[in-house]
Amino acid sequence: MTTPPEEPVPKESLIRFHADDLPRADRRALADRIDGDPASRAALAEWDRQDAAMAAIYAPLAEEALPPRYAALLDEARTAPAARRGAARPRSGILLLAVLGPVLGALIGWGASRALWPAPPETAAAAAQAFRIYATDATRPVELSAAEVGPLAAWASARLGQAIAPPDLGRAGLALLGGRVLPGPTGAAAFFLYQTANGQRAALYVTTRCTAGPDRPTAFDTAGLGGFWWRSHSLCIAAVGSPGDATLHRVATLAYDALL
Amino acid sequence: MRMDFVEEIEAVIPSLRRYAHALVHDRAAAEDLVEDCLRRALARRAEWQPGAAVKTCMFRILLNRYRDRLRQAPVRPTLVDTPPPPRLADRLARRAAHPAVHDVQEAIARLPADQRVALLLVMLEGMSFDEAAALLSISRQALIARLARARAALARMTASPTPRQSIA
């Protein structure tokens, strides 16, 4: 009798072998089997060729100097850390950008122009108006309380035509009070109200069928009430309220990630 | 400490760009993806924990944004995920420069997104299976199966045209 033919090497084992993902002993044993299996050897050679092809095309990119658009962003982060951490008010940052706009625009192009999104945005104005009316209401600021967050999310989702729920803003020090559906500039809008431990309130206001807006939280100010607003798909979202800009910025960042 | 944060981010940008370009196969879209990722990472500096894996976090942000953009994109065939083709001039230039490799690049662009994402993490970024699986929130087994499917699909797409002739 001749030696029985070995089973072909399973593709998964071959994948692990190729990526050097096997323990040394297993690797050695498998190497022996691969030696006797032309199909496996051919597959490994083909994968090496594929990897080399992609490396040939894309490796040079990683060797290039940092493009100016990224260098500018990093420099901005290095030189103005205090503003980012909330010591300075974002509105002053916007004023500064307005003054330096032409210079920065030349330096960082599109990035700067987005930071200068024209005001006043409809969504932001509507959010501020809703906040003024409801957040200050001593008896009934919300229609459905935080205890009814499920029905609140279902209600908002049904009226806005897409799944939406109030995000958890605990990491910004805010707890959900509740919310309601309101008329917005382009249809139904969701209004989620939150409160800090010392009673300051902030709201997230979400409108649908939104066609224009900055794609990252951008500061706005309407008659003394400020916040941040942005667009995500067909939603426009504004974070507005009485806590400081640092807290509001944190609210916006959390909501930005949660409500994508 | 704060400078470390920015410097760590800066150190990741080259691999992030390399990966993004291979992933979306379109220069402008790739750079937009990287910029978006960078802005988000920088905006989170207040939440930064020293010692956190900057590279993993940035790749996670990038992949989230990529998936987000896929969802935003116009409806496209679901069986084969086909990103917009590169401009003809770009393709011809690439073929002239790399006659043996353009087929691999274009085949990868035609892989289903989940396979392309996983394969490039391993083949181009040299991530370990543990790293890549954690990043994609899937098990090692699922990752290995995904890689096997991707390699098999690539082999089919880059095979010589003989089978097609035999069909005719």
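Reply: Seven strands of chain A form an open sheet, in the order β1-β2-β3-β4-β7-β6-β5, with antiparallel pairing. Strands here are DSSP runs of E, at least two residues long, and helices are runs of H or I, at least four; both are numbered from the N terminus. Two strands pair if DSSP finds at least two bridges between them. This is a predicted model: local features need pLDDT of at least 70, side-chain atom pairs count only at pLDDT 80 or more, and totals for chains, interfaces and linings use all residues. Residues are numbered from 1 along each chain as its sequence is written, while chains are lettered from A and ligands numbered from 1 in the order in which they are written.

Start with the pairing. Strands β6 (225-232) and β7 (235-241) of chain A run antiparallel over 6 bridges. In this pair, A:S232 stands opposite A:L235 of β7(A).

Now the helices. Helix α8 (122-135) of chain A lies across β2 (174-184), β3 (187-196), β4 (201-207), β5, β6 and β7 of chain A. α8(A) runs at about 135° to β4(A). Helix α9 (149-160) of chain A also packs on the sheet, touching β1, β2, β3 and β4 of chain A. The direction of α9(A) makes about 30° with that of β2(A). Contact means C-beta atoms, placed from the backbone, within 7 Å. Axes are lines fitted to C-alpha atoms, for helices over the stretch in contact, and angles run from 0 to 180 degrees between N-to-C directions.

Terms used. Two residues are in contact if their C-beta atoms, placed from the backbone, lie within 7 Å.
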